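Subject: Structure for your review

Dear colleague,

Please find below the structure that I am handing over to you. My findings follow it.

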Amino acid sequence: QVQLVESGGGLVKAGGSLRLSCVASGLTFSDYVMAWFRQAPGKERELVAILTRDGQTTDYGDSVKGRVTISRDNAKSTVYLQMNSLKPEDTGVYYCTGRYYSARDYSFWGQGTQVTVSS
């Protein structure tokens with residue numbers, strides 16, 4: 001059974017930082033492209049960051065470019081999201097997800113972790 005478990009969310013003031021973690025189990029982690037999405041109240045889920053299997057190639061959503069960094073530790077089956085210079089509009093539930101490298105769709109999703117940025 002595949003599980004993705006996020007942690008690290010919380011309440012932070014604007015300009016602050018948070019580091020989210022997502023631990024995967026039940027899959028061969030290094031076979032998966034990993035990503036973070038987020039969903040704000042009343043809005044659609046949007047891409048935050050994507051990272052290839054080897055950790056060499058990244059892509060970021062326009063709204064977070066230059067402020068967040070995605071990374072992974074395949075030995076620990078963990079993907080991270082370092083978020084800096086947080087803004088109130090970064091508030092939302094952040095989800096970890098994985099896509100088998102040859103697949104088109106994301107197969108597995110975590111339960112999400114809440115990030116709240118106060119002004």
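From the N terminus on, the elements of the protein chain run β-β-β-β-β-β-β-β-β-β-β. That comes to eleven strands and zero helices; helices (H or I, at least four residues) and strands (E, at least two) are DSSP runs, numbered from the N terminus. The radius of gyration of the protein chain is 13 Å, close to the 14 Å that the globule rule gives for 119 residues, so the chain is as compact as a globular protein of that length. That radius is taken over C-alpha atoms, and the globule rule is 2.2 Å times the number of residues to the power 0.38.

Please note that this is a predicted model, in which local features need pLDDT of at least 70 and side-chain atom pairs count only at pLDDT 80 or more, while totals for chains, interfaces and linings use all residues. Residues are numbered from 1 along each chain as its sequence is written, and side-chain values use heavy atoms, with hydrogens and water left out.

Overall dimensions and burial

Taken along the principal axes, the C-alpha atoms of the protein chain fill a box of roughly 40 × 25 × 25 Å. Of its 119 residues, 42% count as buried; buried means under 20% relative accessible area, exposed over 50%, and partly exposed in between (1.4 Å probe, protein chains only). Among the contacts with a separation of 6 or more, 55% come from residues 24 or more positions apart, where contact means heavy atoms within 4.5 Å.

The open sheet

Four strands form an open sheet in the order β1-β3-β8-β7, with antiparallel pairing. Its edge strands are β1 (3-7) and β7, each of which pairs on one side only. Two strands pair if DSSP finds at least two bridges between them. Neighbouring strands of this sheet are turned by 15° against each other on average, direction ignored; the axes are lines fitted to C-alpha atoms, for helices over the stretch in contact, and angles run from 0 to 180 degrees between N-to-C directions. Within the sheet, five bridges join β1 to β3, and Glu 6 has Cys 22 in β3 as its bridge partner.

Strand β11 and its partners

Strand β2 (residues 10-13) pairs with β11 in the parallel sense over four bridges, and Leu 11 stands opposite Thr 116. Strand β9 (residues 92-100) pairs with β11 in the antiparallel sense over three bridges; here Gly 92 has Val 115 as its bridge partner.

Lys 13 belongs to strand β2 and counts as exposed, at 65% relative accessibility. Beyond its neighbours within four places in sequence, Lys 13 is in contact with Val 117 and Ser 118.

The nonpolar core

A nonpolar core is a set of buried Ala, Val, Leu, Ile, Met, Phe, Trp, Tyr and Cys residues joined through side-chain atoms within 4.5 Å. The largest one has 26 residues, of which Trp 36, Val 48, Ile 70, Val 79, Leu 81, Met 83 and Tyr 94 touch the most other members. The elements that give two or more residues to this core are β3 (18-25), β4 (32-39), β5 (46-51), β7 (68-73), β8 (78-83), β9 and β11. Strand β3 gives the most, with four residues. Leaving aside neighbours within four places in sequence, the contacts of Ile 70 include Met 34, Trp 36, Ile 50, Tyr 60, Val 79 and Leu 81.

Cys 96 lies in strand β9 and is buried, with a relative accessible area of 0%. Cys 96 and Ala 24 are 72 residues apart in sequence and 9.3 Å apart in space, C-alpha to C-alpha.

Arg 38, in strand β4, counts as buried at 5% relative accessibility. Its side chain makes polar contacts with the side chains of Ser 63, at 3.1 Å, and Asp 90, at 2.8 Å. A polar contact is a pair of N or O atoms within 3.5 Å; within protein, one must be able to donate a hydrogen and the other to accept it, and residues adjacent in sequence count only if both atoms are side-chain atoms.

With kind regards
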